[in-house]
Amino acid sequence: FVLAGRIELFAENDYNFAGRPPLKIDLIHNESDLRFSVINLHMKCCDSGLFRRKKAAIQLYEYLLIHIDKNPNIIVLGDWNDDLKDKDGEHCYDPFLNDPRFFFPTSIITDDISQATYPKEPYVSFLDNILITHDLIGENKSFDINTIPIDKYMGGFEVYEKYISDHMPVYFSFD
């Protein structure tokens, strides 16, 4: 991969992102010359979190709409701090779920409790979602997506949480 650009989105207006502006990197795959962008985010948790996550999602969605024609190959990943299983209005995903240009490949594993990215009782949930544009994988490309159970190789979740994170990582690969 070749790094073609890097920017912190909304660095001047990051309140809805809890002071953690999303990092966008533009990449070019050496062999295929595929150009795509990856946006890493960490949405607000708790307290006023849902309201701010909804505002942040709209902010991000509007940004993507402006830029999607220049680069239709987009991956947005990270800690959304919302579960796709939540009822309508109780999560921040609506702008993306209502637009057929976007797709959450993580939606196929969110109902599998063994794939939870936040495995702590009593709030076991899938908060670390990946959003992609349909243009990136098309209708006929296959992909793999799973939560990586690194805690099982580190002596348990308590050890993993102490040294790494309270969220499990998710991998996504495609042809």
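**Exercise 1.** With which residue does the side chain of K85 meet in a salt bridge?

*Solution.* The model examined here is predicted. In this model the side chain of K85 pairs with that of D83, at 3.1 Å from N to O. D83 is buried because its relative accessible area is 5%, whereas K85, with a relative accessible area of 40%, is partly exposed.

**Exercise 2.** Determine which parts of the chain the salt bridge between D82 and R53 links, and whether each partner is buried or exposed.

*Solution.* Begin with the distance: the closest N and O atoms of D82 and R53 are 3.0 Å apart. Next, place the residues, with D82 in the loop between β4 and α2 (94-97) and R53 in helix α1, so that the bridge joins distant parts of the chain, 29 residues apart. Finally, consider accessibility: D82 is buried at 2%, and R53 likewise counts as buried at 8% relative accessibility.

**Exercise 3.** Describe the largest nonpolar core and the surroundings of V76.

*Solution.* This core has 23 residues, and M43, L60, L64, V76, W80 and F96 touch the most other members. Two or more residues come from each of β3 (35-42), α1 (49-67) and β4 (74-79), the largest share being the 6 residues of α1. Leaving aside neighbours within four places in sequence, V76 is in contact with I39, L41, L60, L64, N129, I130 and L131. Another core, of 12 residues, lies apart from this one and includes F36, F126, I145 and F172.

How values were computed: Residues are numbered from 1 along each chain as its sequence is written. This is a predicted model: local features need pLDDT of at least 70, side-chain atom pairs count only at pLDDT 80 or more; totals for chains, interfaces and linings use all residues. Side-chain values use heavy atoms; hydrogens and water are left out. A nonpolar core is a set of buried Ala, Val, Leu, Ile, Met, Phe, Trp, Tyr and Cys residues joined through side-chain atoms within 4.5 Å. Buried means under 20% relative accessible area, exposed over 50%, partly exposed in between (1.4 Å probe, protein chains only). Helices (H or I, at least four residues) and strands (E, at least two) are DSSP runs, numbered from the N terminus. Contact means heavy atoms within 4.5 Å. A salt bridge is a side-chain nitrogen of Lys or Arg within 4 Å of a carboxyl oxygen of Asp or Glu.
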